[in-house]
Amino acid sequence: MAVFLAAGCASSPTMPTATQQVHSTLLSAYHRTTALSATTASVNETVESGTDPVETAQGAVTLEFSRKRGETQLTINNTDKVVVLRAGDIFFEAKTQSGLNGTGQNLIQVGRQSPQAMPQVQAPGLDPFQLTTLMGAIDWNDSILNMEPVVTEDATGQHTEYQLTVSTAKLAKHEPVADQTWLTTLSTQPGGAEITVDATLSQGRIQTLSAHLPIATPQAATKAAASKGALPAPQAMTIQVALQFNYTQQPQPIQVPS
């Protein structure tokens with residue numbers, strides 16, 4: 001009898017730890033979301049100098065995961081507009097939809113020639129896939145530095161927010177060339193080596209996704225500041241990007257510009 005009991009205890013399954021449960025929950029939500037052919041999200045962005053807001057933008061994002069096409073439409077400070085479309089490794093940007101024609105740039109080529117010039121580094125938040133790419137670290141344990149649930153409260157009540165801290169350099173090793181380049185470049189920027197992605201879930205899918213991303217200082221400005229060493233260093237520029245997903249509407253198919 002003692003032998004039987006000992007064998008039974010040894011073969012009983014190990015209960016998952018709290019971290020494993022969080023990982024499983026986020027992994028399932030990420031894959032249920034990205035398995036959709038297409039979805040939309042509202043987007044809010046705030047550029048900050050230090051802790052002071054500089055400008056804001058609101059708009060919408062469309063994501064076609066299966067065709068690797070995405071579109072971001074923003075209105076900046078209630079006046080200026082920008083439209084961005086990414087189709088695979090081709091990145092289009094203009095002030096209007098019709099203006100996208102002829103603006104396509106190959107992200108792989110840009111990354112090879114001048115990785116600092118990549119839009120994900122100079123203007124983070126424009127690439128419609130930037131936050132979901134960071135969230136994709138959930139697929140790679142070596143890319144995750146920390147993950148934990150945090151209870152938050154707002155006007156609608158209490159919510160569980162999951163915080164996923166990502167090593168951009170390690171995540172880069174698992175991504176295709178274009179995303180690998182901007183992630184590697186981001187990892188060398190002040191505040192870019194570790195990015196915390198905040199996510200809330202609803203019905204097993206991602207409901208909201210947000211992150212603070214550093215904005216690279218143009219090289220010319222960096223050199224100018226260095227040549228005037230007596231001047232105080234400029235405040236670091238960051239942008240908070242927040243997506244709120246909408247699964248009730250099927251978006252129109254994204255048409256790739258010429």
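Predicted model: local features only at pLDDT ≥ 70, side-chain atom pairs only at ≥ 80, totals over all residues.
Local features are reported at pLDDT of at least 70 and side-chain atom pairs at pLDDT 80 or more, whereas totals for chains, interfaces and linings use all residues. Residues are numbered from 1 along each chain as its sequence is written, and side-chain values use heavy atoms, with hydrogens and water left out.

View 1. The largest pocket holds about 520 Å³ of space, where a pocket is an open set of points on a 1 Å grid over the protein atoms alone, reached by a 1.4 Å probe, with protein on both sides within 12 Å along at least five of seven lines, and the volume is the space filled by probe spheres set on points joined across faces, edges and corners. Its lining (residues with an atom within 4 Å of a point) comprises 18 residues, with Lys 68, Phe 129, Thr 133, Glu 175 and Asp 179 nearest the centre.

**View 2. Helices that contribute to the lining.** Helix H2 (18-34), helix H5 (130-135) and helix H7 (177-187) each provide at least two residues of the lining of the largest pocket; helices are DSSP runs of H or I with at least four residues, and strands are runs of E with at least two, numbered from the N terminus.

**View 3. Two non-glycine residues with positive phi.** Lys 68, in the loop between strand E2 (52-64) and strand E3 (69-76), has a phi of about 55° and is exposed at 59% relative accessible area. Asn 77, in the loop between E3 and strand E4 (80-87), has a phi of about 50° and is partly exposed at 35%. Exposed means over 50%, buried under 20% and partly exposed in between, with a 1.4 Å probe and protein chains only.
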